[in-house]
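Subject: A structure for you to explore

Hi there,

Here is the structure I promised to pass on to you. Please open it next to this email and follow along as you read.

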Protein chains: 4
Amino acid sequence: MEGFRFSTDVRVRFAETDAQRIAHNATYLVWFEVARVAYLDEFTAGYRAFQDAGYEATVVETHVRYLTPAVFDDVIRIWTRCLDVRGARFRYEYELVRVGDDARIAEGWTTHACVDAHTLRPTRLPQSIVDAIARAES
Amino acid sequence: MEGFRFSTDVRVRFAETDAQRIAHNATYLVWFEVARVAYLDEFTAGYRAFQDAGYEATVVETHVRYLTPAVFDDVIRIWTRCLDVRGARFRYEYELVRVGDDARIAEGWTTHACVDAHTLRPTRLPQSIVDAIARAES
Amino acid sequence: MEGFRFSTDVRVRFAETDAQRIAHNATYLVWFEVARVAYLDEFTAGYRAFQDAGYEATVVETHVRYLTPAVFDDVIRIWTRCLDVRGARFRYEYELVRVGDDARIAEGWTTHACVDAHTLRPTRLPQSIVDAIARAES
Amino acid sequence: MEGFRFSTDVRVRFAETDAQRIAHNATYLVWFEVARVAYLDEFTAGYRAFQDAGYEATVVETHVRYLTPAVFDDVIRIWTRCLDVRGARFRYEYELVRVGDDARIAEGWTTHACVDAHTLRPTRLPQSIVDAIARAES
């Protein structure tokens, strides 16, 4: 996918479908989160290490555009990139395509704030994370 | 809520919280859906009648801005309005406030297309629904 | 319902259905939890007060027998009782019937342990809760 | 795992945790389903082929015993076996252990009925599936 260097795959679970026989619209936000966690695993020490260091990432805004319905057992490749890292804020973008026929399933973005796990106040992303993301996306 | 004539309440379920001890970000899209169903119940014959008449509503786009975390057992009032009804397309807007302290929890919008349940092709919203929404929002 | 003194209603959400067009089997455990919370609200100071007093209830075992599929928008009455309160342990039983046609949707039970929220070690249920449950079920 | 020939792994998603900072009790039923689908993929033509042949499997009963809480990012190995195949009925058993420390996370079982997708009446499992399961478990 042009402009993306990382992807992770999910397979549509039966529990994620709804009575329209497609993946429910809320599920996409869960997949985005799975992709963020996989991204941090790939390029940093992972989200658990981030938490252990006293940070949490909160979700500020989410946006999804649904293009082609996904159905049970589809394998969805989630292309994921992190950008606009600025102080406490950062942004993820996602492109979802179905493995097999390359159908464009959805696109979306989410914005986040890094907070101190104890005070819950916004705090700059640790420099090691900023650097790791810069390397990953360069 | 200025500009809204309809609201419905949900109470944050324990299952809807996550390890940050707040309602998970994907849950908001489920609540939006609960609000749409309640809205159609109030102003039309309901979503089930809509389906029985051979229609489905698909979700085209969703957007959420998270303002104040909601926690277990909070009662959230979802102010809901439907607008921009045009052919097959329509749009819902939401304002979520916590009952008790009026904290602004989130705001969001979703866009939808009415489709024929059999062909899944976009089709104009039935005129009775268009009229009911116009009356509800006027 | 014979032998039950408390019930609460849930309405099947669209997000709770699956591609078999019925409420997904895991959803019933969420409904059981909703019923437990409502039960504690009715007969005690509520689960939040229980937590504030330094306790948590963990889930030890769950059992569901599915009798009639529930579909979107069905209103399900969850008959709920608490019994076998013994030290840290207690047990809930549930009977689910559909409002309207009284179809038996499911039955189930769950067992729980009261734990100290800090040590997570089992601890006797506070006597005030034990007494409240005894009064509720007598 | 003694007596099991098949396993599949899931990783605890953040969305699957709750405010007790552990995987929510209902999630285990979703994991069981993921394991059944993986099992059918391994030993038969898969659940989608089963559906395409005009069948559905319904869930009759579920049982979970929770042993050690699972937390975000834990990798859980779900040992899975299918037994008691008899006419339309069959039963799955599960043992969940955490990869890394082998902690026993949970155990459970589910029973199912094979139904005709159109009439929803119980119907014998196709012989090819019965044979495939017999081979898998022998």
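Predicted model: local features only at pLDDT ≥ 70, side-chain atom pairs only at ≥ 80, totals over all residues.

Residues are numbered from 1 along each chain as its sequence is written, while chains are lettered from A and ligands numbered from 1 in the order in which they are written.

First, confidence. The pLDDT (the predictor's confidence in each residue, from 0 to 100) averages 96 for chain A, where 100% of the residues score at least 70. For the complex, the predictor gives an ipTM of 0.97 and a pTM of 0.98.

Next, chains A and B. An open sheet of 10 strands runs in the order β1(A)-β3(A)-β4(A)-β5(A)-β2(A)-β2(B)-β5(B)-β4(B)-β3(B)-β1(B), with antiparallel pairing. Here helices (H or I, at least four residues) and strands (E, at least two) are DSSP runs, numbered from the N terminus, and two strands pair if DSSP finds at least two bridges between them. β1 (6-11) of chain A and β1 (6-11) of chain B stand at the edges with a single partner strand each, so one side of each has no neighbour in the sheet. On average, neighbouring strands are turned by 25° against each other, direction ignored; axes are lines fitted to C-alpha atoms, for helices over the stretch in contact, and angles run from 0 to 180 degrees between N-to-C directions.

Within chain A, six bridges join β1(A) to the antiparallel strand β3 (residues 75-86), and Arg11(A) has Val75(A) as its bridge partner.

Where do the two chains meet in this sheet? Strand β2 (residues 55-66) of chain A is joined to β2(B) by five bridges, running antiparallel, with Thr62(A) partnered by Val64(B). The contact (C-beta atoms, placed from the backbone, within 7 Å) takes 14 residues from chain B and 14 residues from chain A. On the side of chain B that touches chain A, β2(B) gives the most, with nine residues.

Finally, chains C and D. Their 10 strands form an open sheet in the order β1(C)-β3(C)-β4(C)-β5(C)-β2(C)-β2(D)-β5(D)-β4(D)-β3(D)-β1(D), with antiparallel pairing. In chain C, β2 (residues 55-66) and β5 (residues 104-116) pair over 11 bridges, and Glu56(C) stands opposite Val115(C). Helix α3 (residues 127-137) of chain D lies across β1 and β3 (75-86) of chain D, at about 125° to β3(D).

Enjoy exploring!

Definitions and conventions
Contact = placed C-beta atoms within 7 Å.
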